[in-house]
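The tour below goes from one selection to the next.

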Amino acid sequence: MAENKRNIKIAPSVLSADFARLADSIKAVEEAGADLIHLDIMDGHFVPNITFGPGVVAAIRKVTRLPLDVHLMITDPAMFIPRFAESGADYITVHLESGPHLHRNIQSIKKLNIKAGVSLNPHTSIIQITEILGDIDLLLLMSVNPGFGGQEFIERTLEKIRVARRLIDSAKYNCVIEIDGGINDKTGKLCIEAGADILVAGNYVFKSNDFKAAIASLRP
């Protein structure tokens with residue numbers, strides 16, 4: 001699919017926001033042109049960090065009209081899928097590496113009328129999700145090791161994006177490709193050229209002095 005025919009979206013990651021002024025920060029990126037709000041849920045077990053849970057997602061739901069892109073970096077997502085759905089998630093993404101029952105988790109998300117995503121860590125091959133690409137709405141490729149913001153983009157991710165783009169387009173699947181980790185004006189453009197549809201940007205947006213300019217610089 002040609003780059004100029006794709007609707008590129010920007011999803012600022014709340015992980016890098018000012019939590020003392022969280023509502024204001026979210027409203028500010030919405031006004032600055034963000035398309036989604038990306039919410040990284042970490043349990044301190046699947047990844048070496050703890051962030052927040054369904055209560056914070058529900059609070060965020062009250063202050064923005066943007067779709068909430070909930071990324072579950074947790075060991076047992078099945079336990080929490082219903083709670084994040086109730087909290088107002090529009091997308092719920094689970095990791096392939098989080099357990100053996102990926103298809104069951106995807107079914108659970110879809111039964112709640114939520115868009116379902118699957119995320120892959122940097123070391124995980126696209127080949128492992130070819131059997132489920134036709135069942136999901138979003139493929140999230142991690143371009144850093146999950147757990148912390150501010151990491152450097154892993155260049156090998158670009159070939160992974162190209163492979164995913166070819167698989168999705170050749171089969172005509174209705175699945176978008178999202179990239180998370182080390183995104184800035186340079187790496188973001190490389191990801192779009194490779195076939196990405198959604199860029200998750202944390203530090204690059206929330207640590208900037210001008211949210212609108214930062215978001216605009218990520219678009220092709």
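Select L139. In this predicted model, L139 touches V118, L120, I126, I129, L133, A164, C175, V176, I177 and E178, leaving aside residues up to four places away in sequence.

**Two packed helices**

Next, select residues 157-171, helix α5, and residues 185-194, helix α6. Their axes are 8 Å apart, and the helices pack at an angle of about 30°. Angles under 35 degrees count as roughly parallel, so α5 and α6 are roughly parallel to each other. The crossing of α5 past α6 is right-handed.

Which residues in α5 and α6 meet? Show side chains for L158, I161, R162 and R165 in α5, which meet L190, C191 and A194 in α6. The residues of this contact comprise five nonpolar, no polar and two charged.

**Two loop residues**

Move to the loop between α4 (102-111) and β5 (115-120), and pick N113 there. N113 is not a glycine, yet has a positive phi of about 60°. N113 is exposed, with a relative accessible area of 73%.

Finish with K172, in the loop between α5 and β7 (176-180). K172 also has a positive phi of about 60° without being a glycine. Is K172 buried or exposed? K172 counts as exposed, at 74% relative accessibility.

Methods
Residues numbered from 1 in each chain as written. Predicted model: local features only at pLDDT ≥ 70, side-chain atom pairs only at ≥ 80, totals over all residues. Heavy atoms only, no water. Axes fitted to C-alpha atoms, helices over the stretch in contact; angles between N-to-C directions. Helix = DSSP H or I, 4+ residues; strand = E, 2+ residues; numbered from the N terminus. Parallel < 35°, antiparallel > 145°, perpendicular 65-115°, else oblique. Left-handed = near helix turned anticlockwise from the far one by under 90°. Contact = heavy atoms within 4.5 Å. Nonpolar A, V, L, I, M, F, W, Y, C, P; charged D, E, K, R; others polar. Buried < 20%, exposed > 50% of the residue type's maximum accessible area, 1.4 Å probe, protein only.
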